[in-house]
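Biologist: Hey, can you walk me through this one? I'd like to start with a loop and then look at some helices.

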Amino acid sequence: MRTRTFAGWLMLSASLAASPALTQELTPYPGASDIAPPMVHNDHYDLVLEAGKGADIDPAKGYRIDDLGAGAFMVTEGIYQMMIVKTDEGLIVVDAPPPIGDKILKAAEEIAPGAKITHLVYSHAHVDHIGFAAQIVATNPGMEIVAHQETADILARAGDANRPMPTVTFDGIDQPFTLTAGGQSLELNYSGPNHEPGNIEIWHADSQTLMLIDVVFPGWMMWRRMAIAHDIPGVFDLVGSINAKYDFKTLVSGHVGRTGTKADVEAQWAFMTDLHGAAMKALGSTAIAEGMRAEDTTNPWAVFDNFIDRVTVQCVAELAPTWRDKLSGFDVFIYDQCMAMEQSIRVDGPSL
Ligand SMILES: [Zn+2]
């Protein structure tokens, strides 16, 4: 049983009164936030903020197309995002998330009736962003699939028929590859390990659109564990640098119901630096094994479970007053973020 806390613990504790030992374990840590910790049933999440909502989606269609200008379009079903670029020869499709699925083909037909999809670009290898690829290939034989070599390596290992191997790859870090087709051009660049090795920036200069997937969450808390980051320092490097690196008006981030802007990147950067600061402060002020019963102090796993819990609880309590009403879903994943930050500082090092 976890030993974290929220106000509901007290009611839960009362319901477990027949088990005094367990009830005692459920005592909240001092100074804990009233936000429900992981693994506790929470029937009352904070409401989504206006800034977290996208424009309406026609329920009859089930998707929305945002015209980004210069032939670029963002397609969303409300939770996932992908991009379509119209060229003189057909369409370039960037990503193929299964939750959007055949609506990708419907959107393509709506954008350019009868046009062939000539290219599919993979932002990265994750199933939830490209798992519909095989079905796009099936209806567009002979099309090229473009990805970074790191993504190709991951896909070769996966051997997943839903994610066909790229036919064109590029390699290296900060060695941009330019994909041109029918008068359109996309610059693809890999900045090094971040969300996943091979996760690239896709830059459409004509519309000043930057597509970067699973790194920035406009108006929202990042998905849990800093969006399942493969390399947390790499994610910090990317979020801290992309506003200076690209002159973008629109960010296609892969998730949530709306596109983002530089202000959304700045807000997430401010959150991430606050998160880092709160975790550093909690690590510096938390004593190992404090308040534990003597028998448990010889169990290093228990000692660090207790230590990490108390660091996390302090980190959450520090951030909640500033960020809870600024980011939708803050309450959902803040324990995860504080725990991931604490772990990263201890193993990757404290520098930002
Ligand atoms: Zn991903």
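**A loop, a disulfide and some helices**

Modeller: Phe132 lies in the loop between α4 (127-130) and α5 (133-139). Helices here are DSSP runs of H or I with at least four residues, strands are runs of E with at least two, and both are numbered from the N terminus. This is a predicted model, where local features need pLDDT of at least 70 and side-chain atom pairs count only at pLDDT 80 or more, while totals for chains, interfaces and linings use all residues. Residues are numbered from 1 along each chain as its sequence is written, and side-chain values use heavy atoms, with hydrogens and water left out.

Biologist: Is Phe132 buried or exposed?

Modeller: Phe132 counts as buried, at 7% relative accessibility. Buried means under 20% relative accessible area, exposed means over 50%, and partly exposed is in between (1.4 Å probe, protein chains only).

Biologist: And what is Phe132 in contact with, leaving aside neighbours within four places in sequence?

Modeller: Its contacts (heavy atoms within 4.5 Å) are Ala96, Pro97, Pro98, Gly101, Asp102, Ile104, Leu105 and Asn162. Pro98 is 34 residues from Phe132 along the chain, yet their C-alpha atoms are separated by 4.9 Å.

Biologist: New topic: which cysteines form a disulfide?

Modeller: Cys315 and Cys338 do, with their sulfur atoms 2.1 Å apart. The rule asks for a pair of cysteine sulfur atoms within 2.5 Å, and the count comes to one disulfide. Cys315 lies in helix α10 (residues 300-323) and Cys338 in helix α11, so the pair ties together parts that are 23 residues apart in sequence.

Biologist: Are those two cysteines buried or exposed?

Modeller: Cys315 is buried at 1% relative accessibility, and Cys338 is buried with a relative accessible area of 1%.

Biologist: OK, what about α9 and α11, how do their axes cross?

Modeller: The axes of α9 (residues 262-285) and α11 (residues 330-348) cross at roughly 60° and come within 9 Å. Axes are lines fitted to C-alpha atoms, for helices over the stretch in contact, and angles run from 0 to 180 degrees between N-to-C directions. α9 and α11 are therefore oblique to each other. Under 35 degrees counts as roughly parallel, over 145 as roughly antiparallel, 65 to 115 as roughly perpendicular and the rest as oblique.

Biologist: Which residues of α9 meet α11?

Modeller: Among them are Phe271, Leu275 and His276 in α9, and the α11 side includes Cys338.

Biologist: Then how are α8 and α11 set to each other?

Modeller: They are roughly perpendicular, as the axes of α8 (residues 232-245) and α11 cross at roughly 105°.
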